[in-house]
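Hi everyone, thanks for coming.

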Amino acid sequence: MLGYILKRFAVMVVTLWIIITLTFVLMVTLPGSPLNEERTTNETVQANLEAHYNLDEPYYIQYLLYIKSIVTFDFGPSIKQPTETVNDLLGRGFPISFELGMATIIVAVISGIILGIFAALKHNGIIDYLAMTIAVLGISIPNFVLATLLIQTLAVYWNILPAATWSSPVHMIMPTIALATGPMAIIARLTRSTMLEVLTQDYIKMARAKGLKPWKIIIKHALKNALMPVVTIMGTLLAGILTGTFVIEQIFGIPGMGKYFVESINQRDYPVIMGTTVFYSAFLIVMLFLVDIAYGFLDPRIKLHTKGGD
Amino acid sequence: MEKILEVNDLHVTFSTFGGTVQAVRGVSFDLHKGETLAIVGESGCGKSVTSNAIMRLIPDPPGKISNGTIEFKGKDLTQFSQKAMRSIRGVDISMIFQDPMTALNPTLTIGTQLVEGLMEHRKTSRAEAKERALEMMNLVGIPNPEERFKQYPHQFSGGMRQRIVIAIALICEPELLIADEPTTALDVTIQAQILELFETIQEQTGVSIILITHDLGVVAKIADRIVVMYAGKIIEEGTRKEIFYHPEHPYTKGLLKSVPRLDIKGANLIPIDGTPPDLFSPPQGCPFTARCSMAMEVCDKVYPLQTELSDTHKVDCWLQDDRAEQLVAQAADKT
């Protein structure tokens, strides 16, 4: 197990390095720089500013400086908001984004699995059709469309939920629904199809022949087997939820990391771009690693420490 | 001997888009305490459906017990609710499945799968249940039960898994064990071991066994009585001796001829030509007519009456009718 973790860690570092390099290349090839704005500045001032942010150095020096900032986890000050460091921004934005992300995952996984199980148990019945209609709608409607629809109905027409910002649990409801519906629909469909397959297995019949209660058979015997494919797509879903937060945070005016990420790219705020990208990537990579670990707990036949574990 | 199970005129149908399949069409047999009854027949003859019907494990819909009774110790199981059946399954009647590779849940330890039935029905603590489980593992011949208890199915070989399946089936001390092709998925050497295990278990616990198989070799080894099924009906039944040495139904004779024999030099395998009838619309006469070399006109039109050749030996065939002999003789004259 330890060997596996070390190996995975090495892979994670390499992955992160590739992401950093690609981000750097994209960043410097983007036209414009954080310091050129409409208003003209004195040439000496401009040169001094560039020197201050090391923007006058050749690219390879800049690149190395970025690598250094990442290794030391000190991204320096934001160019656009010189009073704050990138670490300040991350420290303020991340807990909010994390809250939204976690709420989304919990809602999506629990409701998706429950919906999938009921659909499978009532196969080709009304509940099945209803659940799958919800699922198809959930997959088809993009989260930003759903978000605006929610605001229009729940906030504007009925005025039962606040339309924006992030100050109480009530504020979490709409963004979470908007973000969770897509992943929930995918999980529901997947759970349904694997559940249908698992329910025809001999060991389910055997469990029935033992005289176990139906719900016990579902929870203990069927669900654990049916969840494997769900765990497999969790990685992709996490990435989707993560990128979804950029848009949803914008729509609902949530002061999370997504806001800084999008703004930083528009403003060419290099240290913030680097900081947020690295942070998001590292977070996603760690989550994917945890998903892989989860396999071993669900299915004892999967051994992480042997070859082919990754 | 005390009768433990009495199946009377059992009919099972399955509704499909293509029509209604009459899988079991009036099956009657009984089973005594401590006896081993073999149900023999080719694929699709209704032997597994019959056993699933006894356990009430036929998915409804599409399946349905449309007629008949299944009396287990005087109580008619067809009248039981699913909830009431749960207190019978695994406790009074247990079942062993064909393929031990798929019958055990890959994500749960052997121990968990052994004790859960006991904990469910006898409300024992896990520790007590474990003790009993280890006892059972010993009985079915699993070495190092303490260590094996914690392992998962994929760490067991096929034969060992079937032993576990048997241990699970027997852990609540059932009075009736239904074994559906328990050796079909195993190597021949392992088959022999498992059959011996059945014999030992029956000696020690006195459990009655219904053995469902298409392998007459298995039957010859452990069955006391044999029921031969064809196209959803029992066409012949008798003791092991009666069926093996004095088969009367042409189908039973055909089955016996199609078993490979090592004791007769140069003996050829004689397969039965043709396929069983379509059970969407079963023939009104004897379903074997189309494949029977002795078929007469009457066979196609009317299902034969049961003839009792002895107290135990019964056969459904027109050849047992007094008039048949004359007809066969006449036919022989013509050729």
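H4(A) is the biggest contributor to the lining of the largest cavity, giving 6 residues; helices here are DSSP runs (H or I, at least four residues) and strands likewise (E, at least two), numbered from the N terminus. This is a predicted model, where local features need pLDDT of at least 70 and side-chain atom pairs count only at pLDDT 80 or more, while totals for chains, interfaces and linings use all residues. Residues are numbered from 1 along each chain as its sequence is written, chains are lettered from A and ligands numbered from 1 in the order written, and side-chain values use heavy atoms, without hydrogens and water.

What counts as a cavity? On a 1 Å grid over the protein atoms alone, a 1.4 Å probe fits there but cannot get out; a pocket is an open set with protein on both sides within 12 Å along at least five of seven lines, and lining residues have an atom within 4 Å of a point.

The largest cavity holds about 140 Å³, the space filled by probe spheres set on grid points joined across faces, edges and corners. Among its 13 lining residues, Ser97(A), Phe98(A), Gly101(A), Leu242(A) and Phe283(A) lie nearest the centre.

Now, the largest pocket: about 1300 Å³. Its lining has 34 residues, and closest to the centre are Arg208(A), Ile58(B), Pro59(B), Asp60(B) and Pro61(B).

The second largest pocket has about 600 Å³, and H10(B) gives the most to its lining, with 4 residues.
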